[in-house]
Amino acid sequence: MLGNEVPILPSPVKSKQLVGVTWAFPNTYEVGMSSLGYQLVWWLLNTDRQTKVCRVFTNYQQPDWQASELIGFTLSWELDYINVLKLLQKAGVNELACNRKTDEPLVFGGGPVLTANPEPFADFFDVIALGDAEEVIPKMLSQWMQIRHLKSRTEKLWQLAQIEGIYVPSLYTYKTSNPQGPLEAVVPVDSRLPKHLSKAVFLPPPEYVAHSLLLAPQSTFGDMFLIETSRSCPQQCQFCLASYLTRPFRAAPVETILAKVDLGLQYTNKIGLVGPSVTEHPDFKLLALRLIERPNIQISISSIRLDTLSPAVLEMLATLGQQSVTMAIESGSERLRSIIKKNLDEATIHRALELIAASNLKAVKLYAMVGLPGETTEDLEETVRLIRQIKTKYKHLRFVLGVSSFVPKAQTPFQWAGRDRQARQKLEFLTKQISKLGIEVRTESHNWSDMQALLSRGDRRLSPSLLNASHGPSSVGTWRHLLRHTPAMCPSADYYLYRNIPYDETLPWSHLTDEVKSNMLAKQAKTAEGLIALPVETSIPNKNC
């Protein structure tokens with residue numbers, strides 16, 4: 001254990017001959033140990049009696065990690081990729097998979113970024129795990145134990161590629177007749193390989209739910225015990241990765257959640273319920289009532305769906321120590337919320353705020369987004385109007401607004417939509433108008449959003465630029481240079497960022513999703529297009545709203 005960490009479950013007795021495995025989070029220890037996914041995979045690797053697992057972060061590495069046979073990374077944010085390459089450089093491992101020698105570690109990766117679209121990073125990984133870790137990691141590790149003594153690195157990769165949910169990028173290649181234009185196909189290099197791969201889906205037994213396996217007081221969440229009450233989201237917001245990438249929606253039984261709550265209470269009184277939409281658990285009201293029965297417990301909930309709020313739920317939150325709630329309204333425009341399938345009308349927003357105001361909760365954090373497909377000047381003005389109305393009507397509540405600009409994500413209905421070229425001005429407009437109301441506004445960096453979009457919709461032709469960027473400082477200047485200077489054999493940044501992609505064009509990740517899902521996403525995207533009755537207004541309001 002590191003420092004004052006507290007293990008929740010006992011580690012298995014290890015055999016005498018151990019295989020070194022490094023499990024890395026490409027950010028700081030404080031951030032990495034707050035990730036339930038990172039802890040889960042560490043546990044899946046560590047429960048094997050034949051492994052010695054080293055944990056690695058940008059600011060801390062356990063001794064001898066460079067000697068591991070397997071080096072793995074989780075990638076939950078696109079811009080952390082640069083730290084993957086920097087850690088490989090630190091370990092003395094070749095960044096490019098094609099240049100690694102037989103005796104070099106096998107580099108694998110997983111997480112939502114790599115499951116959605118691994119292609120910009122494909123040249124850096126030997127193996128990529130697609131989907132749920134519980135399903136794919138034990139199979140991958142078991143297979144490795146059987147093939148690790150093979151002399152041929154190519155044969156090892158071929159054997160790993162036979163596992164469902166395992167993607168070996170070197171076994172697939174892209175075709176294009178125009179290096180600066182669209183891809184025409186992504187195909188396997190061997191006819192025995194499937195043309196389309198599918199992600200691994202874990203269907204948990206009733207007694208299973210993911211939870212904290214180490215309490216790390218120095219992490220972002222401190223000594224809070226986290227429990228994943230549900231996986232995926234039953235809503236279908238057109239832009240949201242959680243709604244489409246991690247399907248199907250799976251909710252843990254209440255009794256299983258409570259059993260883990262009681263386990264966590266043996267170590268701390270702080271319990272965090274996590275998931276894309278915690279209060280949409282089908283039995284959440286029952287769960288809330290059962291949690292109130294436990295003395296001295298403090299509960300934190302990561303996400304709340306407004307139309308699931310009730311006096312009982314809010315009483316539970318206030319009783320159990322929570323002082324604020326988060327509301328993702330996305331836009332003040334009912335028209336735009338319909339386009340993005342937010343399924344939230346203004347009456348519901350006010351009803352939720354009335355309940356919050358009547359409770360003992362003190363603050364509300366609002367989330368909004370600009371630059372969504374179909375957004376008009378009137379939509380921006382509607383957001384200002386709604387927030388002004390909210391601020392005036394619910395005077396004793398403290399409001400904070402978090403605002404970002406739309407980033408198209410692979411494997412969502414809006415994957416074909418480009419970024420709004422006026423997103424920066426729209427962010428500035430909304431920030432200025434809302435700040436006038438006395439509300440704190442926290443704006444996501446427009447430059448970082450550009451980079452997210454580049455990597456979210458990118459392909460392997462970006463690899464040289466990404467590799468070059470990793471040799472410089474992790475600064476905005478480095479990223480700006482990358483956006484402005486793509487190689488001659490690669491499309492411009494504008495091609496990836498702003499282009500509306502035709503539905504019949506091969507996407508870089510087309511081989512990582514099946515035809516049924518692709519058709520479903522296209523159908524939903526076309527439905528959204530049909531709701532955009534007017535041409536998109538690109539001018540920014542210059543009046544005081």
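Analyst: Happy to. Let's start with contact, which means heavy atoms within 4.5 Å. Keep in mind that this is a predicted model.

User: Which residues of helix 9 are the buried ones?

Analyst: Helix 9 spans residues 284-292, and its buried residues are F284, L287, A288 and L291.

User: What makes those buried residues line one face of helix 9?

Analyst: Looking down the axis of helix 9, the buried residues fall within an arc of 100°, so they line one face of the helix.

User: Why is D283 called partly exposed?

Analyst: The relative accessible area of D283 is 38%. Partly exposed is the class between the two cut-offs, under 20% for buried and over 50% for exposed, so D283 at 38% is partly exposed. D283 sits in the loop between strand 15 and helix 9. Its C-alpha atom is 7.0 Å from that of V254, a residue 29 places away along the chain.

User: And how do you know that S142 and N343 belong to that class too?

Analyst: By the same cut-offs, 20% and 50%. S142 has 37% relative accessibility and counts as partly exposed, and N343 at 47% also counts as partly exposed. S142 is in helix 5 (residues 133-147).

User: What makes N343 stand out in its backbone?

Analyst: N343 has a positive phi of about 55° although it is not a glycine. For background, most residues other than glycine have a negative phi. N343 is placed in the loop between helix 11 (334-339) and helix 12 (346-358). Q411 is another such case, a residue other than glycine with a positive phi near 65°.

User: Is Q411 buried or exposed, and why?

Analyst: Buried: its relative accessibility is 4%, and the cut-off is under 20%. Q411 lies in the loop between strand 19 (398-405) and helix 14 (423-435).

User: Why is R421 called exposed?

Analyst: R421 is also in the loop between strand 19 and helix 14. Its relative accessibility is 54%, and exposed means over 50%, so R421 is exposed. Setting aside neighbours within four places in sequence, R421 contacts D494 and Y498. R421 and L497 are 76 residues apart in sequence, with 8.9 Å between their C-alpha atoms.

User: What makes I329 buried?

Analyst: Its relative accessible area is 0%, and buried means under 20%. I329 belongs to strand 17 (residues 324-330). Beyond neighbours within four places in sequence, I329 has contacts with R337, K342, I349, Y367 and L386. Its C-alpha atom is separated by 9.4 Å from that of D345, 16 residues away along the chain.

User: How do you know that the peptide bond between R247 and P248 is cis?

Analyst: Omega for that bond is about 0°. By way of background, most peptide bonds are trans. P248 is in the loop between helix 7 (241-244) and strand 14 (250-251).

User: How many cavities are there, and what lines the largest?

Analyst: A search of the whole structure gives four cavities of 30 Å³ or more. The largest cavity holds about 90 Å³ of space. Its lining has 13 residues, with R457, Y495, R499, I501 and P508 nearest the centre. Sorted by class, that lining is seven nonpolar, one polar and five charged residues.

User: How far does the predictor's confidence reach?

Analyst: The mean pLDDT is 93, and 97% of the residues reach 70 or more. Over residues 534-539, pLDDT stays under 50, and the model has ten contacts for that stretch beyond four places in sequence.

Conventions:
Residues are numbered from 1 along each chain as its sequence is written. This is a predicted model: local features need pLDDT of at least 70, side-chain atom pairs count only at pLDDT 80 or more; totals for chains, interfaces and linings use all residues. Side-chain values use heavy atoms; hydrogens and water are left out. On a 1 Å grid over the protein atoms alone, a cavity is a set of points where a 1.4 Å probe fits but cannot get out, and a pocket is an open set with protein on both sides within 12 Å along at least five of seven lines; lining residues have an atom within 4 Å of a point. Grid points are joined across faces, edges and corners, and a volume is the space filled by probe spheres set on the points. Ala, Val, Leu, Ile, Met, Phe, Trp, Tyr, Cys and Pro count as nonpolar, Asp, Glu, Lys and Arg as charged, and the others, Gly among them, as polar. Buried means under 20% relative accessible area, exposed over 50%, partly exposed in between (1.4 Å probe, protein chains only). Helices (H or I, at least four residues) and strands (E, at least two) are DSSP runs, numbered from the N terminus. The arc is that of the directions from the helix axis to the C-beta atoms. pLDDT is the predictor's confidence in each residue, from 0 to 100.
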